[in-house]
Amino acid sequence: MTFFRRQSPVARRPSPVARRPSPVARPMSTLKKPTPTQRIIRASEIGQYKYCAHAWWLSSVLGVPSNNTRELAHGAERHQAHNRQVQAVSLLRWVALVALLLAIAIALLSI
C-alpha cells in the first residue's frame, strides 16, 4: 500500500509559459528600442487624445500648431509661479519645524 501517488511525466514538466522569461525581468539593455519609424506615445498624449481625439490628430499627426498658444504660455507661467510658491511654503515649513525644535530644546534646558 502506497501513500504517495506517482505523478505522470506530463504533470512534472513546467508549462511553456513558465519557461519564457518575463520582459520585466530582462535588463534594460536587452529591450528593443523603437525604430525611427516608430513613435513613443507619452502619457500626456494619451490624455490629450482622451480629451479630444481630433485635436490630438491635428497636432500629433498633421503637425498643425494650436490656436491658443498665448493661453498655453500663460498657463505654463502660472504653473511655474505656483511651483515656486509651493517650494517656498515647503521651505518655510522646514524653517518653522527647526524653530519649534530649537524652542523646545531651549525650554528643556532652562528647566
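Tyr-49 has a relative accessibility of 47% and therefore counts as partly exposed. On this scale, buried means under 20% relative accessible area, exposed means over 50%, and partly exposed lies in between, with a 1.4 Å probe and protein chains only. This is a predicted model, in which local features need pLDDT of at least 70 and side-chain atom pairs count only at pLDDT 80 or more, while totals for chains, interfaces and linings use all residues. Residues are numbered from 1 along each chain as its sequence is written, and side-chain values use heavy atoms, with hydrogens and water left out.

The structure holds one aromatic pair. Tyr-49 and Trp-56 form this pair, which is edge-to-face, with 5.4 Å from centre to centre and 90° between the planes. Rings of Phe, Tyr and Trp (its six-membered ring) pair if their centres lie within 6.5 Å; planes under 30 degrees apart count as stacked, over 60 as edge-to-face and the rest as tilted.

The table lists relative accessibility for three further residues.

| Residue | Relative accessibility | Class |
|---|---|---|
| Trp-56 | 17% | buried |
| Glu-45 | 12% | buried |
| Val-64 | 40% | partly exposed |

Glu-45 is part of helix 3 (residues 43–51). Not counting residues up to four places away in sequence, Glu-45 touches Arg-39, Ile-40, Trp-56 and Ser-60. Contact here means heavy atoms within 4.5 Å.

Val-64 sits in the loop between helix 4 and helix 5 (69–109). Its contacts, leaving aside neighbours within four places in sequence, are Leu-58 and Ser-59. Val-64, Leu-58 and Ser-59 are also among the residues that line the largest pocket.

That pocket holds about 190 Å³ of space. A pocket is an open set of points on a 1 Å grid over the protein atoms alone, where a 1.4 Å probe fits, with protein on both sides within 12 Å along at least five of seven lines; lining residues have an atom within 4 Å of a point. Helix 4 (residues 53–62) supplies the largest share of the lining, three residues. The lining divides into five nonpolar, five polar and no charged residues.

Over the whole protein chain there are five helices and zero strands. Helices (H or I, at least four residues) and strands (E, at least two) are DSSP runs, numbered from the N terminus. Of the 111 residues of the chain, 2% count as buried. The chain exposes about 11,100 Å², and carbon and sulfur atoms supply 65% of it.

Conventions
Grid points are joined across faces, edges and corners, and a volume is the space filled by probe spheres set on the points. Ala, Val, Leu, Ile, Met, Phe, Trp, Tyr, Cys and Pro count as nonpolar, Asp, Glu, Lys and Arg as charged, and the others, Gly among them, as polar. Accessible areas come from the Shrake-Rupley method with a 1.4 Å probe; for residues, only the protein chains shown count as cover.
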